[in-house]
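Here's a quick walk through the model below, chain by chain. Have the coordinates open while you read.

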Amino acid sequence: MTPSPLVALVGNPNAGKSALFNALTGARQKVGNYPGVTVERKSGRMSLADGRPVELLDLPGTYSLTPSSPDEAVTHDVLLGKQEGERLPSALLIVIDATNLDNHLRFALQLVALGLPSVVALNMIDMAARDGLTIDAEKLSAELGVPVIPTVAVRRKGIDELKAALGMMAAGGAVRIGSDHPALHEDIATLQRRARGIAVAATTEENFRRRWTHRADAVALHPIVGPILLAAILFVMFQAVFAWSAVPADFIDAGIQQLQSAVRGLMPDGFFRSLITEGLLAGVGAVVVFLPQILILFLFILLLEASGYMVRAAFIMDHLMARVGLSGRAFIPLLSSFACAIPGIMATRTIDDPKDRLTTILIAPLMTCSARLPVYAVVIGAFIPARDVGPGIGLQGLVLFCLYIAGVAGAMAVAFVLRRTVTQGPPPGFMMEMPKYQMPILRDVVLGLWQRALIFLKRAGTIIAFTTIILWLLVSYPKPPADYDQPAIDYSVAGRIANAIEPAFRPIGFNRDMALALIPAMAAREVAVSALATVYAIDAGDEVAQEQSLIDRLQGRWSLPTALAFLAWFVFAPQCISTIAVVRRETNGWRWTGFMLAYLFALAYLAAGATYWAAVALGL
Amino acid sequence: MSDPTRPVPLDKLPLRRDGDIVAIEWDRLDERDARRLRELGVDEGVRVEKLHKGPFGIDPIACRIGRMTIALRTAQAAAILVGPVKTR
C-alpha cells in the first residue's frame, strides 16, 4: 500500500495555523517528536472532498526559510526533504492572516516560489472585515499564481473549498528541492516590498482600526496597571488550581476507595489482594486524584496562549528578565514549565540566541511543574490549616503561591549567576510580534486539555503503576520473622536501602520514609506521594487504619519543620527522568544535563536544610 | 523644542506619535537582530507608531509597524530613524 500524500501546513506564527489544523483534522491527530530534535511533530489525517486520505503535517510557524532557530530549521529541512524521519511533502497549504497581509504575503511569496503545488488559505477573513479591510482573493490568486481560499478556521468556514482545492494539488508525486533553489536565498527586503505592493493592490481599506486589541493593550501594557494585572491573573490561576479542584478530586478519591473495598470483598486475603489494593490502587490512585488540578493549570496556560495575552506577559516581564540576563521571550517557555517542564523546554526552540536558550533550559525545572502539585497538595493539606487570611484568600493557596514564587526567585538567581559565569554572552535582544487578541476557541481548548489528560493518564497507567508496584514489592519483602519487634518496613529491602541513605538526609530533617520516597520520585515527581501512600498503607497494617487518608497519616508522623523542609526540597529537587532525557537531547549531551542535576541537587539540599533549621529555631 | 521635521530615533519618539521610517542603521545591529527586524516588516518607508512603553517606563517598547504590533528594546529601536509622515 502506498502511503497517503503528505501535505505540509506552513505559515507565519499567529496566522491561525493550529486552528486550521484542528478544523481540517478534527481529533485525528498524532503528536510525536522528530528524531534528534525536540521539535514536536504534529500530524493528522484528513479526507479530501472525494474521500482520498491525506496526511496533514503542522510545521512550526516561522517568518522565513532562513534556518536560525531549531524551529525554523525543521520547517526548512522538511520542505527540502532533509529532515530525518519525514517524507517529502507533495503539496503545501500556506496559511496567511488576512488582517496582516503585507507581512504574511512575504513568506507566502517565498514558499510559492519553491514551485511545489500550493494552496493559500486566506485566514481570519472575518476579522479583516471587522477591521474595515476588504480583500480581493481572486486578485491575490492571480498575483501569486496559486489558488487563494478565504477561510475562517475557528468557524470552519471555507474548509470544504480548501479541501477541494487541495484535491487538485495533492495528486502529483513529491518534488525534491535543492538547497541552491533561488527561493531560499531571496533578499527579505525585496520580497517584503513585492508583498507590500500586492497587499496594497488587493486590499480596499476603510478606516482601518483594531479597536479591541488597542483598548485591551491600553490596560494590559499599561506601565503600572499591566504588571498588577499580570500578577493578579497568575494569583487567580494558582488559587483556582486549589479551589476548583476540590469537588472533582474528592469524587475521584471516593471512587478509588470504593474500588479498593470492592477488591477486598471479592478476593481472599493474600499476595494479589495486597498487591492490588495497597500497591496498585493506593499508589496510582494517589496520583490520579490530581488530574483535576493539573487540567485546571493547563486550562489557564492554554487560554493565556490562545487569547494572545501570553506575549503581553512576555512584554511586561522583559525588563525584569533582562536584569538577570534573559529576555522576555524566555518567559513563555518558563510559564509553560509550570504545567510541565518538557513542553516548556521544547518551547525554548523559539529562542534563537543559543546562550539565552541554554540558560532557559537549565532553569526551566525550577518552575514548579504540575507533577509537583500532588506533593505540595498532600503536605499542605496535612500541615497548613484551611482558613482564610483575607477575603477570598485561603492560607493553603497562599502557601502554594509562595512555593511557586520560591521556585521563580530561585530560577532568577540561578540565571543571574549562570549568565555571568558558564553561559556568558552578549545580552539577547527582545523582538516579538504582538498578535491581536482573540477569543479562545472552546473546541481547540478542549482538544488541548484532552491530549494533556491522556498523556497524564498514560503516565499513571505505565511508569507510575510500574514504579509503585516495584516499590510495593521492595517495601513488603522480605517479611520479617514473627519475633521481629521493629516496624515491618525496616526488615524489607526498601527499608534497608532507606536506612542506609537516611543519615545523609537526617541533617535536613528528613525521616526514613521521606528518604524512601525520594528514590522513586526520580521516575516521576507524583510518585513521591504514591510512595508515601504505599509505605504508610503497609505500615498501618490493620484495615481500619488503611481507610485513613494519606493526609491524616502524615499529620501524626511528621513534625511541621520536617514537612516544610520536604516542601522546600521539592521546589528545587532534580527532575524526573523524562525531563532529564529531554534536556540531554536538547543540549546534545550529558555535560549540561549533569551540570543541571548537580546544581539542582545542591540547591534542594541547602534549601530543605535551611528551611528545617529555621523552622526549628523558630520553635514551629 | 526640536525641529519636528528632523528624523528622530524610534526610542526617542514620543508615545502615540507616528512617522515614516527614513533610515535604518543596519551596521549598529547584530546580524540576528537585523534579520528579525526585517522579518517583522521594519523597512525604510514604512509607517511606524509608538504605542507603549514597558513597566518602569523604559524597556521594551511596542510599536505599530504596518498592520502589526511588535515589541523591541530601546537598544535596537535607537537604530531606526523616524521622520515625519509623508502622506496621510
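## Chain A at a glance

Chain A carries 27 helices and 12 strands, where helices (H or I, at least four residues) and strands (E, at least two) are DSSP runs numbered from the N terminus. Keep in mind that this is a predicted model, in which local features need pLDDT of at least 70 and side-chain atom pairs count only at pLDDT 80 or more, while totals for chains, interfaces and linings use all residues. On bookkeeping, residues are numbered from 1 along each chain as its sequence is written, chains are lettered from A and ligands numbered from 1 in the order in which they are written, and side-chain values use heavy atoms, with hydrogens and water left out.

Of the 620 residues in chain A, 57% count as buried. Here buried means under 20% relative accessible area, exposed means over 50%, and partly exposed is in between (1.4 Å probe, protein chains only). The accessible surface of chain A is about 24,900 Å², with 64% of it belonging to carbon and sulfur atoms; the areas come from the Shrake-Rupley method with a 1.4 Å probe, and for residues only the protein chains shown count as cover.

Take the contacts (heavy atoms within 4.5 Å). Among those in chain A between residues at least 6 apart in sequence, 74% join residues at least 24 apart. As for charge, chain A has 51 positive and 48 negative side chains, and the centres of the two sets lie 3 Å apart. Lys and Arg count as positive and Asp and Glu as negative, with His and the chain ends not counted; each charge is placed at NZ of Lys, CZ of Arg, CG of Asp or CD of Glu.

## The cores of chain A

In soluble globular proteins, nonpolar side chains tend to be buried together. A nonpolar core here is a set of buried Ala, Val, Leu, Ile, Met, Phe, Trp, Tyr and Cys residues joined through side-chain atoms within 4.5 Å. The largest one has 128 residues, and A:Ile363, A:Phe510, A:Trp558, A:Phe566, A:Trp569 and A:Phe570 touch the most other members. Helix α18 (residues 395-420) of chain A gives the most to this core, with 10 residues. A second, separate core of 41 residues includes A:Leu79, A:Ile96, A:Leu133 and A:Ala195.

Leaving aside neighbours within four places in sequence, the contacts of A:Phe570 include A:Arg372, A:Val375, A:Tyr376 and A:Leu518. A:Val375 and A:Tyr376 are among the buried residues of α17(A). That helix (residues 373-383) is largely enclosed by the rest of the structure, because 10 of its 11 residues are buried.

## Spots to click on

A:Pro60 sits in the loop between β4 (53-58) and α2 (70-79) of chain A and is buried, at 11% relative accessible area. A:Pro60 and A:Thr75 are 15 residues apart in sequence and 6.3 Å apart in space, C-alpha to C-alpha. A:Pro3, in the segment before β1 (6-11) of chain A, counts as exposed at 56% relative accessibility.

Most residues other than glycine have a negative phi, and most peptide bonds are trans. A:Arg156 has a positive phi, near 55°; A:Arg156 lies in the loop between β8 (148-150) and α6 (159-169) of chain A and is partly exposed at 43%. B:Arg16 also has a positive phi, near 60°, in the loop between β1 (8-9) and β2 (18-24) of chain B, and counts as exposed at 60% relative accessibility.

## Chain B

Chain B has 2 helices and 6 strands, running β-β-α-β-β-β-α-β along the sequence. Its radius of gyration is 12 Å, close to the 12 Å from the globule rule for 88 residues, so chain B is as compact as a globular protein of that length. The C-alpha atoms of chain B fill a box of roughly 35 × 30 × 25 Å along the principal axes.

Buried residues make up 53% of the 88 in chain B. Chain B exposes about 4,200 Å², and carbon and sulfur atoms supply 50% of that. The mean positions of its 17 positive and 14 negative charges are 5 Å apart.

Key:
Rg over C-alpha atoms; globule rule 2.2 N^0.38 Å.
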